[in-house]
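Please consult the sequence and the model alongside the text.

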Amino acid sequence: MDELDFSEQIAALRSTFADIRSVVGVDKLTAEIADLSEQAGVPDLWDDTEKAQKITSALSHKQAELAKIVSIQSRLDDLEIMVELANEESDASAAADAQAELTSIQKLLGELEVQTLLNGEFDSRAAVVTIRAGAGGVDASDFAEMLMRMYLRWAEQHNYPAKVLDTSYAEEAGIKSTTIEVDAPYAFGTLSVEAGTHRLVRMSPFNSAGKRQTSFAAVEVIPLIEQTDVVEVPEGDIRVDVFRSSGPGGQSVNTTDSAVRITHIPTGTVVSMQNEKSQIQNRAAAMRVLQSRLLLIEREREAAQKKELAGVITASWGDQMRSYVLAPYQMVKDLRTDYEVNNPSAVFDGDLDGFISAGIKWRKRDKSD
């Protein structure tokens, strides 16, 4: 047996691993786990189910992230020992095990390296994926359903909670559109590179002449922006004016300064209330209305932000970002990164990690140019 020499590969892996540890910040990660563990340990944690789920989910994610870092350090050390033993004993089986472990560590570090690039403002959020059938008639609606299954299978393979929020079915086959929520850390940062126009080329099962058909579907990915039921309004942001109520009413309506006008200075929103008999009641009612209006303003702002993040996707000729070709040959190719595979069946079954990793790296390079 030829002597194994993985010294260069292991040195390269250790260098990459050191960079990843630096970016992740192991000390900071450990401190965050300690803080979340303390929050998770309070006796009344589950009195607020939504908050409890967020805390325990974040804790589980960060613990898994730290465990992965610790595991890689140990596996790199063990790999060097495996190589030494294989060479000392000239053991072909041990050499094969060492080669397999080297490949596994390289793959794992590659995945971690990609994750360190997810540092956008919303990258850590859950994702909402919307798929719409585009040009191509029945084939397009069928293609949209194929993409829906593809993303659900991808989420399933990674143990990411995913649920279909809404689906509009087409008349003959497939779907007109669907919306999926993927509730996992960094789901938006990961899946955002999937946004764009996807193209399918195949022998159409809906064409009686068996002709080749090209169809399109649009994929939109937006972050799940957290909403609050109550908008906190600092006292310094409002001006309160009181005045005498006008119009018909009870005995005290026209004789006291019970009416209230609240102005939200940052937005210029004005709310007046004079229906109640006391100033205290009118102020409370006015604040409820003001909070509702501010919540609406916030939602409109977030909707505009989501639209900007999602971009404009036309789902037709000329702007496709990925092609799925089933005839006359078999290939899936990303036209931005040139990443391609010759097994469309695996891709449609959720094998997307290669495309996603290439897309994240491409986006990072594109922004830095």
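## Helix 4

The buried residues of helix 4 are Ala 95, Ala 98, Glu 101, Leu 102, Ile 105, Leu 108, Leu 109, Leu 112 and Val 114. The model discussed here is predicted.

Where helix 4 starts, Asp 91 places a side-chain oxygen within 2.9 Å of the backbone nitrogen of Ser 93.

## Helix 3 and its packing

At its start, a side-chain oxygen of Asp 48 comes within 3.2 Å of the backbone nitrogen of Lys 51. Just beyond the other end of helix 3, Ser 90 adopts a positive phi of about 50°.

Ala 52, Ile 55, Leu 59, Leu 66, Ile 69, Ile 72, Leu 76, Leu 79, Val 83 and Ala 86 are the buried residues of helix 3. These buried residues pack against helix 1 (7-24), helix 2 (26-40) and helix 4.

An open sheet of eight strands has the order 2-3-1-5-4-9-10-11, with mixed pairing. Its edges are strand 2 (162-169) and strand 11 (340-341), each of which pairs on one side only. Pairing of strands in a sheet runs through backbone hydrogen bonds and may be parallel or antiparallel.

Strand 1 is largely enclosed by the rest of the structure, because five of its seven residues are buried. Strand 1 runs antiparallel to strand 3, to which six bridges join it, and antiparallel to strand 5, to which it is joined by seven bridges. Val 129 has Ile 180 as its bridge partner in strand 3 and Val 221 as its bridge partner in strand 5.

Elsewhere in the sheet, strand 9 (residues 320-325) and strand 10 (residues 331-334) run antiparallel and are joined by four bridges. Val 325 stands opposite Met 331 of strand 10. Helix 5 (residues 137-157) lies across strand 1 (127-133), strand 2, strand 3 (175-182), strand 4 (196-203), strand 5 (212-223) and strand 9, and runs at about 45° to strand 5.

Six bridges pair strand 6 with strand 7 (residues 259-264) in the antiparallel sense. Within this pairing, Val 240 has Ile 262 of strand 7 as its bridge partner.

## The chain as a whole

In total, the secondary structure amounts to nine helices and eleven strands. The chain has 369 residues, of which 37% count as buried. Its accessible surface is about 20,300 Å², with 49% belonging to carbon and sulfur atoms. Of the contacts between residues at least 6 apart in sequence, 64% join residues at least 24 apart.

Note on methods. Residues numbered from 1 in each chain as written. Predicted model: local features only at pLDDT ≥ 70, side-chain atom pairs only at ≥ 80, totals over all residues. Heavy atoms only, no water. Pairing = 2+ DSSP bridges. Helix = DSSP H or I, 4+ residues; strand = E, 2+ residues; numbered from the N terminus. Contact = heavy atoms within 4.5 Å. Axes fitted to C-alpha atoms, helices over the stretch in contact; angles between N-to-C directions. Buried < 20%, exposed > 50% of the residue type's maximum accessible area, 1.4 Å probe, protein only. Polar contact = N/O pair within 3.5 Å; in protein donor to acceptor, adjacent residues only side chain to side chain. Areas by Shrake-Rupley, 256 points an atom, 1.4 Å probe, with all protein chains shown as cover.
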